[in-house]
Amino acid sequence: MILSWIGRIGLSIGFLSAVLGAVNQLLSARRGRRSWALPAALASLTGIAIAVGAMQVALITHNFSLAYVAENNATFTPLLYSITGMWSALEGSLLLWSLILGLLVVAVVVYYRRQRQDQVVSYATMVLFIVAGFFLLLMVGPADPFLLNPAHVLQGAGPNALLQDNPLVAIHPPLLYAGFVGFTVPFAFAMAMLLSGRVHEQWPIEQRRWTVLAWGSLSVGIVLGSWWSYQVLGWGGFWGWDPVENAALLPWLTATAYIHSVVVQDRRGLFRVWNLSLAVGTFSLTVLGTFFTRSGVLQSVHAFSSSTLGPVLIGFFGLSLVSGLGLIAWRGDELRTVVGVDSPFSREGIFVMNNVLFVGFAFVVLLGTVFPLLYQAINGVQVTVGTPYFAAVAGPGSIVLLGLMGLAPLVSWRRFDATTIWRRARVTAWTCVASVVVLELAGVRHWAVLLVVFLGVAAAGSALRTLANNVTSARRRQAPWSVLRSPSTAGMVVHLGVVILAVGIVVSTSYTTRTEVTLSPNQRTVVGGHTIGFYGFGKRTTTLDSQTLVNVTVDGARLQPAITTFSGRSQAVGTPAISSNLLRDVYLTFDAVGQGGATSGAQVQSDVPVGAVVLGVTIEPLLSWLWIGGLIIGLGSALTLGRRRSSDEVNG
Amino acid sequence: MTLLSSFRLWCLAVVLVVGSVILLPSAPSTWQTRVAHLETLVKCPSCDNLSVAQSTTASSLAVRAQITAMVRAGDSDTQVFTAIERAYGPTVLLTPPSGGLTNLLWMGPLALLLCAVVIVARLRRR
Amino acid sequence: MRRRVVALTALVLVVLTVGFTALLATRPPIDATAVHSPLLGTMAPAFSGTSLNGDTVSLQQERGNIVVLNFWASWCAPCKQESPNLSSFAWSQRTNHVKVIGVVYNDTVSSARSFERYYGALYPSISDPQGSIAFHYGVTAPPTTFVIDRGGRVVATLVGPASQGQLSAIVSRL
């Protein structure tokens, strides 16, 4: 009861501070009034922190007088899942979003405190306050996390089964949200530049390291989400082109274009319209993502329960995109540059191709995601757009992007110089051909695998060549750690990670085999070169769940796929077991039992003998390369912190 | 060896490799591969977005048994899809039925590709 | 010229955005419980099988009767709730040319028989070992019930445990 009021007061303080802060920043920008940004930001953050604190206390003490706690927590929920329960459902997820946004606003205001009377900084801070105010308004109004529970319950429902299965629930959403929220800053400054008319200034360049960190956070968040799906969902896959997954991919695509495109603005002052549009677009797509996840308009295994938030969220999306585009159209004249792009195969030209491809890719994914709604509105029939469509359009696009990754580090700025390109590319080019020949001789026939390896080796070769050059320069300067200060080091490391990820994806999807084996106790069989043995059932019960285990060995290593039933929820979920190494993953699921085994919760198959088990065995080569690639992408993004600032650059 | 001739040699190597990939015989198509392919195009009726190839629910197994039976009986792909659609409704196919609005789905990417080519081709020193 | 290209592109995108936003704002959320079976109004797929008691049951021989076809399983919790309702319904309608037929969904014969005995089912159920009857009726989860009129057309589909009142209301309208 009291907690509910504390939480609501906290939210109101947060909201009012944000509104007042926005008004103050507007006046500061237009009339030169004194900026109260820091007090307003701190007050807003305090309000949000109070609300978050109240929710956490309620969750940890299992206080079921709050409806949210009764729906997402139970007396036996462990501490970790009580804490993460805050973002397991809709209203609480907005609390996490607001918390990260509140922290970000304070960070930006502190960072720019010396320039707080600058008009661009004022406008940007105003936009940040408006966005923060919007999300807080959602919680003050329609999505109140502190609703009281009218019934007096002694036991809550506990978190959703799949959200208390795996500790990644503590890492994946915060990282994703950090990425999404991080892109509010480029958006705010883009709007500020457009509003003030100072569109030729270098704010995006200066903010690059924070934008890259937000991008890195989003990338790692998405990869962790795939890893989590892979571990729990039971079909050995990691990406389903599900609307919510696509919702996270869309801003990632435009953000990747943005962080590359800003490089050209830094070097040659070009691409101002592109960069402003990409900043506006990325932020709008994050709002669109919140719409897909929370409106219930599209069926998704990852979606929160549907709510009345749909029209509000899509309205905010429309508003931010239309105002951004409108401002760009209005300022179009001032965005003209004297110089242009000289050749399609100069470095700038490759970056134009890069921008166009990423934005096109985003448009196509958006089209596929929204198409069922369009079809239903026009034809009145419900249809599905699934993996076959997305794979057909994403595949070729990704392959071209891989090719660009190989080409870009080799081409020169301002001109297409064939001899220089070939001189730089020679060694890598022959390595590509050699790799494909080796694979063909080893029996690899899938043309997609051969093509991706060819282009992947090219991209890796270009990246390694650049890194080697950086190391040589650093050694020559007798300062080996200065390799981190080179502009391209972090980026090339990330490219290496992307290559590993791409090879992992294409090899695992082309060569995955799935078999079902029926085994009686103490029976062994060989599947795809691996010995699978079954040694009986087991049972494990804790306060949180009860599991029927299957004792299996894969090449001698012990695994226990299971069916888990969580207390408080009637759904039983399959818990797969994975044997993973650098070369392949063996993925086991407990599919069915023979007659008489109905109590295990597994499906019963009549043609299976009593006491026997049906196991799903999926063998996926190079699957661990996805996670390794993701890790390297994350590390590479972090390396950007060592990069020398643009203001320190001598020769560019 | 000059740069130009080394480049030409490399191009020749690439052409040979591409030729070998195209010409080498691939695995013959059997009724099993056809069934496996069709299974990736039908959605598991009781799941959110898995194909019947990936799901092991009872409804998926029933659909798979039906696909196998129909393929072995010699039915065409269209007949298989029509039968499944009659039982479970149009949402069970992972790609919308062709014709009409669905053309937008496939023409859209092509139109964007065209735009992309136009944008890049117009990049010339002014 | 440059300004016009930028302004024009922005205008086109603004129009698309407004249309897109309007489309999405007016979409209704998916209601998880409503099911519109594609079989409604069509002829019910034919089937025949052996009941758990050994008799032969087929849809063809029930022409002229209203058939309530119920897919169930012994491992399905709502089915346990539904079974006594179906039995009461079957008994009350036994002189009205209404037949209740159960179909065992993804279950073993022995478990189904025990279930039938435990809940005292007053209607026959047939086994469906390959799941082909369930397939033709588009059943994704038990309990699912179809009401078939005297001419053999499907007139109603119920997903979830059917109550006696619901079935009586549907049947009285036929």
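These exercises, each with a worked solution, cover a predicted model with chains A, B and C.

Residues are numbered from 1 along each chain as its sequence is written, while chains are lettered from A and ligands numbered from 1 in the order in which they are written. Because the model is predicted, local features need pLDDT of at least 70 and side-chain atom pairs count only at pLDDT 80 or more, whereas totals for chains, interfaces and linings use all residues.

**Exercise 1. The fold of chain A**

Task: Describe the secondary structure, extent and domains of chain A.

Solution. 
- Step 1. Take the elements. Chain A has 19 helices and eleven strands. Both are DSSP runs, numbered from the N terminus: helices are H or I with at least four residues, strands E with at least two.
- Step 2. Check the radius of gyration, taken over C-alpha atoms. The rule is 2.2 Å times the number of residues to the power 0.38.
- Step 3. Get the extent. The C-alpha trace of chain A spans about 80 × 70 × 60 Å along its principal axes.
- Step 4. Locate the domains. Domain 1 covers 1–159 and domain 2 covers 513–624. Such bounds come from an automatic or database domain assignment. The C-alpha centres of the two domains of chain A lie 43 Å apart.

**Exercise 2. Chain B by numbers**

Task: Which elements does chain B contain, and what is its radius of gyration?

Solution. 
- Step 1. Chain B has five helices and zero strands. From the N terminus the order is α-α-α-α-α.
- Step 2. A compact globule of 126 residues would have a radius of gyration near 14 Å, but chain B has 23 Å.
- Step 3. Along the principal axes, the C-alpha atoms fill a box of roughly 65 × 40 × 25 Å.
- Step 4. Buried residues come to 29% of the 126 in chain B.
- Step 5. Among contacts in chain B at least 6 apart in sequence, 37% join residues at least 24 apart.

**Exercise 3. The sheet of chain C**

Task: Give the strand order of the five-stranded sheet in chain C, then examine β3(C).

Solution. 
- Step 1. The sheet is open, with mixed pairing and the order β5-β4-β3-β6-β7. Strands pair if DSSP finds at least two bridges between them.
- Step 2. Find the edges. β5 (125–126) and β7 (154–159) of chain C each have a single partner strand, so one side of each is left without a neighbour in the sheet.
- Step 3. Pair β3 (residues 66–72) with β4 (residues 98–104) of chain C: the sense is parallel, over seven bridges. C:Val68 stands opposite C:Val100, and C:Trp72 stands opposite C:Val104.
- Step 4. Pair β3(C) with β6 (residues 144–148) of chain C: the sense is antiparallel, over five bridges. Here C:Leu69 stands opposite C:Phe146.
- Step 5. Check burial. Seven of the seven residues of β3(C) are buried. In a regular strand the side chains alternate between the two faces of the sheet. One side of β3(C) holds C:Ile66, C:Val68, C:Asn70 and C:Trp72, the other C:Val67, C:Leu69 and C:Phe71, and all are buried.

Methods:
Buried ≥ 20, exposed ≤ 12 C-beta atoms within 10 Å, placed from the backbone. Contact = placed C-beta atoms within 7 Å.
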